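This briefing covers how two protein chains meet in one model. The sequence and structure come first, then the notes.

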There are 2 protein chains.
Amino acid sequence: MSDKAVWPNFEAAGGLLPAIAQDATNGTVLMLAWMNAEAFQETIATGRAVYFSRSRGRLWRKGEESGHVQTVHQVLIDCDADTILLKVSQEGAACHEGYPSCFFRRLLPDGSIELVEERLKQPTEIYKKNA
Amino acid sequence: MSDKAVWPNFEAAGGLLPAIAQDATNGTVLMLAWMNAEAFQETIATGRAVYFSRSRGRLWRKGEESGHVQTVHQVLIDCDADTILLKVSQEGAACHEGYPSCFFRRLLPDGSIELVEERLKQPTEIYKKNA
(Lines give C-alpha, C1' and ligand atoms only; values in the text may rest on other atoms or scores of the structure.)
Protein backbone atom coordinates (compact mmCIF):
# COMPACT_ATOMS: atom_id res chain seq x y z
CA MET A 1 0.00 0.00 0.00
CA SER A 2 1.57 3.29 -1.03
CA ASP A 3 1.65 6.36 1.18
CA LYS A 4 -0.11 8.25 -1.57
CA ALA A 5 -3.21 6.09 -1.26
CA VAL A 6 -3.47 6.93 2.39
CA TRP A 7 -2.49 10.55 2.59
CA PRO A 8 -5.72 12.51 2.97
CA ASN A 9 -6.97 13.76 -0.34
CA PHE A 10 -7.55 17.40 0.46
CA GLU A 11 -7.58 18.47 -3.17
CA ALA A 12 -10.48 16.27 -4.18
CA ALA A 13 -12.53 17.76 -1.35
CA GLY A 14 -11.79 21.36 -2.29
CA GLY A 15 -9.22 21.79 0.46
CA LEU A 16 -10.99 20.78 3.65
CA LEU A 17 -11.66 17.37 5.16
CA PRO A 18 -13.57 16.44 8.32
CA ALA A 19 -11.44 15.38 11.28
CA ILE A 20 -12.90 13.53 14.24
CA ALA A 21 -11.23 13.77 17.64
CA GLN A 22 -11.77 10.77 19.87
CA ASP A 23 -10.59 10.36 23.45
CA ALA A 24 -7.75 7.85 23.26
CA THR A 25 -8.54 6.41 26.67
CA ASN A 26 -12.30 6.05 26.94
CA GLY A 27 -13.36 6.24 23.28
CA THR A 28 -15.64 9.26 23.64
CA VAL A 29 -16.12 11.12 20.37
CA LEU A 30 -15.15 14.62 21.42
CA MET A 31 -15.76 16.77 18.35
CA LEU A 32 -15.60 17.10 14.62
CA ALA A 33 -13.66 19.92 13.02
CA TRP A 34 -12.04 20.58 9.65
CA MET A 35 -8.49 20.35 8.41
CA ASN A 36 -6.68 21.63 5.39
CA ALA A 37 -3.33 20.18 4.35
CA GLU A 38 -1.45 22.73 6.43
CA ALA A 39 -3.42 21.93 9.57
CA PHE A 40 -2.87 18.23 9.00
CA GLN A 41 0.85 18.64 8.53
CA GLU A 42 1.20 20.84 11.59
CA THR A 43 -0.80 18.30 13.63
CA ILE A 44 1.61 15.55 12.63
CA ALA A 45 4.67 17.70 13.13
CA THR A 46 3.71 18.98 16.57
CA GLY A 47 1.60 16.17 18.02
CA ARG A 48 -1.09 18.73 18.90
CA ALA A 49 -4.40 18.92 17.08
CA VAL A 50 -4.56 21.83 14.64
CA TYR A 51 -7.71 22.47 12.63
CA PHE A 52 -8.84 24.99 10.06
CA SER A 53 -11.53 27.27 11.40
CA ARG A 54 -14.08 27.86 8.65
CA SER A 55 -15.61 30.79 10.52
CA ARG A 56 -12.27 32.50 11.14
CA GLY A 57 -10.71 31.44 7.85
CA ARG A 58 -7.41 30.49 9.44
CA LEU A 59 -5.58 27.72 11.28
CA TRP A 60 -7.03 26.97 14.68
CA ARG A 61 -4.56 25.50 17.12
CA LYS A 62 -7.06 23.80 19.40
CA GLY A 63 -6.70 25.26 22.86
CA GLU A 64 -4.92 28.42 21.72
CA GLU A 65 -7.42 30.54 23.66
CA SER A 66 -8.95 28.08 26.08
CA GLY A 67 -5.88 26.05 26.99
CA HIS A 68 -7.92 22.97 26.11
CA VAL A 69 -5.30 21.42 23.87
CA GLN A 70 -5.44 17.95 22.36
CA THR A 71 -2.34 15.78 22.42
CA VAL A 72 -2.47 13.43 19.46
CA HIS A 73 -1.62 9.77 20.01
CA GLN A 74 -2.79 8.25 16.76
CA VAL A 75 -3.75 9.52 13.32
CA LEU A 76 -6.05 7.25 11.33
CA ILE A 77 -7.21 7.74 7.76
CA ASP A 78 -10.38 6.23 6.37
CA CYS A 79 -10.81 3.95 3.37
CA ASP A 80 -11.52 6.79 0.95
CA ALA A 81 -8.75 8.98 2.41
CA ASP A 82 -11.27 11.73 2.97
CA THR A 83 -11.81 11.60 6.73
CA ILE A 84 -9.24 11.83 9.51
CA LEU A 85 -9.60 10.31 12.97
CA LEU A 86 -7.37 11.55 15.77
CA LYS A 87 -7.02 9.67 19.02
CA VAL A 88 -6.20 12.30 21.58
CA SER A 89 -5.79 13.24 25.18
CA GLN A 90 -8.04 16.21 25.83
CA GLU A 91 -7.02 18.89 28.28
CA GLY A 92 -10.13 20.30 29.96
CA ALA A 93 -13.33 20.47 27.94
CA ALA A 94 -13.35 19.66 24.23
CA CYS A 95 -16.43 21.79 23.65
CA HIS A 96 -16.51 25.57 23.64
CA GLU A 97 -19.75 25.25 25.61
CA GLY A 98 -17.75 23.72 28.47
CA TYR A 99 -18.85 20.11 28.08
CA PRO A 100 -16.39 17.22 27.91
CA SER A 101 -17.47 16.58 24.32
CA CYS A 102 -19.44 18.53 21.73
CA PHE A 103 -22.00 15.71 21.63
CA PHE A 104 -23.66 16.47 24.94
CA ARG A 105 -27.22 16.38 23.63
CA ARG A 106 -29.19 13.35 22.69
CA LEU A 107 -32.26 13.51 20.51
CA LEU A 108 -35.01 11.30 21.89
CA PRO A 109 -37.56 9.51 19.71
CA ASP A 110 -40.30 11.93 20.78
CA GLY A 111 -38.23 14.85 19.51
CA SER A 112 -37.18 16.07 22.94
CA ILE A 113 -33.61 16.61 24.08
CA GLU A 114 -31.69 14.95 26.84
CA LEU A 115 -28.39 16.25 28.18
CA VAL A 116 -26.00 13.31 28.39
CA GLU A 117 -23.00 15.07 29.91
CA GLU A 118 -22.30 17.36 32.82
CA ARG A 119 -20.87 20.76 32.02
CA LEU A 120 -17.28 21.05 33.28
CA LYS A 121 -16.97 24.80 32.94
CA GLN A 122 -19.02 27.81 31.99
CA PRO A 123 -18.01 29.27 28.63
CA THR A 124 -17.26 32.55 30.39
CA GLU A 125 -14.67 30.72 32.48
CA ILE A 126 -13.04 29.17 29.45
CA TYR A 127 -12.50 32.30 27.46
CA LYS A 128 -11.93 34.89 30.16
CA LYS A 129 -8.18 34.56 29.60
CA ASN A 130 -8.39 36.82 26.59
CA ALA A 131 -11.09 39.08 27.93
CA MET B 1 -33.38 24.51 25.36
CA SER B 2 -35.66 24.46 22.35
CA ASP B 3 -35.81 21.62 19.89
CA LYS B 4 -35.02 24.07 17.16
CA ALA B 5 -31.59 24.77 18.61
CA VAL B 6 -30.74 21.10 18.46
CA TRP B 7 -32.24 19.96 15.22
CA PRO B 8 -29.37 19.65 12.76
CA ASN B 9 -29.04 22.76 10.67
CA PHE B 10 -28.90 21.25 7.20
CA GLU B 11 -29.79 24.50 5.49
CA ALA B 12 -26.83 26.46 6.80
CA ALA B 13 -24.52 23.73 5.50
CA GLY B 14 -26.01 23.71 2.02
CA GLY B 15 -28.01 20.55 2.66
CA LEU B 16 -25.49 18.00 3.88
CA LEU B 17 -23.97 17.42 7.30
CA PRO B 18 -21.35 14.92 8.41
CA ALA B 19 -22.63 11.98 10.43
CA ILE B 20 -20.31 9.79 12.47
CA ALA B 21 -21.28 6.20 13.23
CA GLN B 22 -19.82 4.80 16.43
CA ASP B 23 -20.17 1.27 17.74
CA ALA B 24 -22.54 1.55 20.70
CA THR B 25 -20.85 -1.26 22.57
CA ASN B 26 -17.11 -0.83 22.20
CA GLY B 27 -16.85 2.81 21.11
CA THR B 28 -15.08 2.16 17.81
CA VAL B 29 -15.58 4.97 15.31
CA LEU B 30 -16.88 3.00 12.35
CA MET B 31 -17.25 5.57 9.58
CA LEU B 32 -18.22 9.06 8.57
CA ALA B 33 -20.87 9.64 5.94
CA TRP B 34 -23.23 12.45 5.00
CA MET B 35 -26.87 13.12 5.70
CA ASN B 36 -29.43 15.43 4.26
CA ALA B 37 -32.63 16.21 6.13
CA GLU B 38 -34.47 13.35 4.44
CA ALA B 39 -31.77 10.82 5.43
CA PHE B 40 -31.83 12.11 8.99
CA GLN B 41 -35.59 11.88 9.25
CA GLU B 42 -35.66 8.38 7.80
CA THR B 43 -32.91 7.33 10.23
CA ILE B 44 -34.99 8.51 13.17
CA ALA B 45 -38.20 7.04 11.81
CA THR B 46 -36.78 3.60 11.05
CA GLY B 47 -33.97 3.20 13.60
CA ARG B 48 -31.65 2.20 10.75
CA ALA B 49 -28.83 4.46 9.55
CA VAL B 50 -29.64 6.16 6.27
CA TYR B 51 -27.11 8.47 4.64
CA PHE B 52 -26.96 10.55 1.49
CA SER B 53 -24.46 9.19 -0.99
CA ARG B 54 -22.65 12.11 -2.60
CA SER B 55 -21.27 9.90 -5.38
CA ARG B 56 -24.64 8.37 -6.22
CA GLY B 57 -26.64 11.52 -5.52
CA ARG B 58 -29.35 9.67 -3.62
CA LEU B 59 -30.29 8.24 -0.25
CA TRP B 60 -28.09 5.37 0.83
CA ARG B 61 -29.75 2.96 3.21
CA LYS B 62 -26.59 1.57 4.78
CA GLY B 63 -26.49 -2.16 4.10
CA GLU B 64 -28.96 -2.06 1.22
CA GLU B 65 -26.50 -4.00 -0.96
CA SER B 66 -24.12 -5.52 1.56
CA GLY B 67 -26.57 -6.44 4.30
CA HIS B 68 -24.27 -4.53 6.66
CA VAL B 69 -27.01 -2.48 8.26
CA GLN B 70 -26.60 -0.23 11.28
CA THR B 71 -29.23 -0.31 14.01
CA VAL B 72 -29.33 3.09 15.68
CA HIS B 73 -29.43 3.24 19.47
CA GLN B 74 -28.70 6.90 20.06
CA VAL B 75 -28.69 10.09 18.00
CA LEU B 76 -26.49 12.88 19.33
CA ILE B 77 -26.17 16.38 17.95
CA ASP B 78 -23.15 18.57 18.49
CA CYS B 79 -22.97 22.03 20.01
CA ASP B 80 -23.24 23.83 16.68
CA ALA B 81 -25.97 21.50 15.42
CA ASP B 82 -23.87 20.74 12.37
CA THR B 83 -22.57 17.24 13.10
CA ILE B 84 -24.53 14.11 13.94
CA LEU B 85 -23.24 11.19 15.99
CA LEU B 86 -25.03 7.86 15.78
CA LYS B 87 -24.40 5.10 18.28
CA VAL B 88 -25.11 1.93 16.40
CA SER B 89 -24.92 -1.83 16.27
CA GLN B 90 -23.11 -2.74 13.08
CA GLU B 91 -24.04 -5.88 11.19
CA GLY B 92 -20.92 -7.30 9.54
CA ALA B 93 -18.27 -4.87 8.33
CA ALA B 94 -18.87 -1.12 8.39
CA CYS B 95 -16.34 -0.55 5.61
CA HIS B 96 -16.89 -1.37 1.95
CA GLU B 97 -13.32 -2.66 2.00
CA GLY B 98 -14.41 -5.40 4.41
CA TYR B 99 -12.84 -4.02 7.58
CA PRO B 100 -14.79 -3.61 10.83
CA SER B 101 -14.37 0.15 10.54
CA CYS B 102 -13.30 2.52 7.78
CA PHE B 103 -10.39 3.68 9.96
CA PHE B 104 -8.25 0.59 9.52
CA ARG B 105 -5.05 2.44 8.64
CA ARG B 106 -2.82 4.34 10.99
CA LEU B 107 -0.33 6.91 9.80
CA LEU B 108 2.97 6.53 11.63
CA PRO B 109 5.27 9.45 12.41
CA ASP B 110 7.73 8.33 9.74
CA GLY B 111 4.99 8.54 7.10
CA SER B 112 4.47 4.81 6.79
CA ILE B 113 1.18 3.01 7.22
CA GLU B 114 0.15 0.40 9.73
CA LEU B 115 -2.98 -1.70 9.39
CA VAL B 116 -4.77 -1.62 12.74
CA GLU B 117 -7.64 -3.97 11.94
CA GLU B 118 -8.10 -7.41 10.44
CA ARG B 119 -10.19 -7.62 7.30
CA LEU B 120 -13.46 -9.48 8.00
CA LYS B 121 -14.45 -10.06 4.38
CA GLN B 122 -13.14 -9.49 0.90
CA PRO B 123 -15.05 -6.76 -0.93
CA THR B 124 -15.95 -9.33 -3.61
CA GLU B 125 -17.72 -11.35 -0.93
CA ILE B 126 -19.65 -8.35 0.33
CA TYR B 127 -21.08 -7.23 -2.95
CA LYS B 128 -21.52 -10.51 -4.81
CA LYS B 129 -25.19 -10.52 -3.83
CA ASN B 130 -25.97 -8.12 -6.65
CA ALA B 131 -23.45 -9.50 -9.14
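Between chain B and chain A, 12 residue pairs are in polar contact, both residues being at pLDDT 80 or more; a polar contact is a pair of N or O atoms within 3.5 Å, where within protein one must be able to donate a hydrogen and the other to accept it, and residues adjacent in sequence count only if both atoms are side-chain atoms. This is a predicted model, in which local features need pLDDT of at least 70, side-chain atom pairs count only at pLDDT 80 or more, and totals for chains, interfaces and linings use all residues. Residues are numbered from 1 along each chain as written, chains are lettered from A in the order written, and side-chain values use heavy atoms, without hydrogens and water.

**Interface**
- Contact (heavy atoms within 4.5 Å) links 41 residues of chain B with 41 residues of chain A.
- About 3,400 Å² is buried between the chains, 66% of it from carbon and sulfur atoms; buried area is the accessible area (1.4 Å probe) that two parts lose on being put together, summed over both.
- On the chain B side, B:Phe103, B:Arg105 and B:Leu107 lose the most area to chain A, together 22% of what that side buries.

**Salt bridges**
- The rule (a side-chain nitrogen of Lys or Arg within 4 Å of a carboxyl oxygen of Asp or Glu) finds 2 salt bridges across the interface.
- B:Arg54 forms a salt bridge with A:Asp82, with the closest N and O atoms 3.8 Å apart.

**Strands**
- Strands are DSSP runs (E, at least two residues), numbered from the N terminus, and two of them pair if DSSP finds at least two bridges between them.
- An open sheet of 6 strands with mixed pairing has the order S8(A)-S7(A)-S5(B)-S6(B)-S1(B)-S2(B).
- Strand S5 (residues 70-77) of chain A and S7(B) run antiparallel, joined by 3 bridges, and A:Val75 stands opposite B:Leu107.

How values were computed. Helix = DSSP H or I, 4+ residues; strand = E, 2+ residues; numbered from the N terminus.
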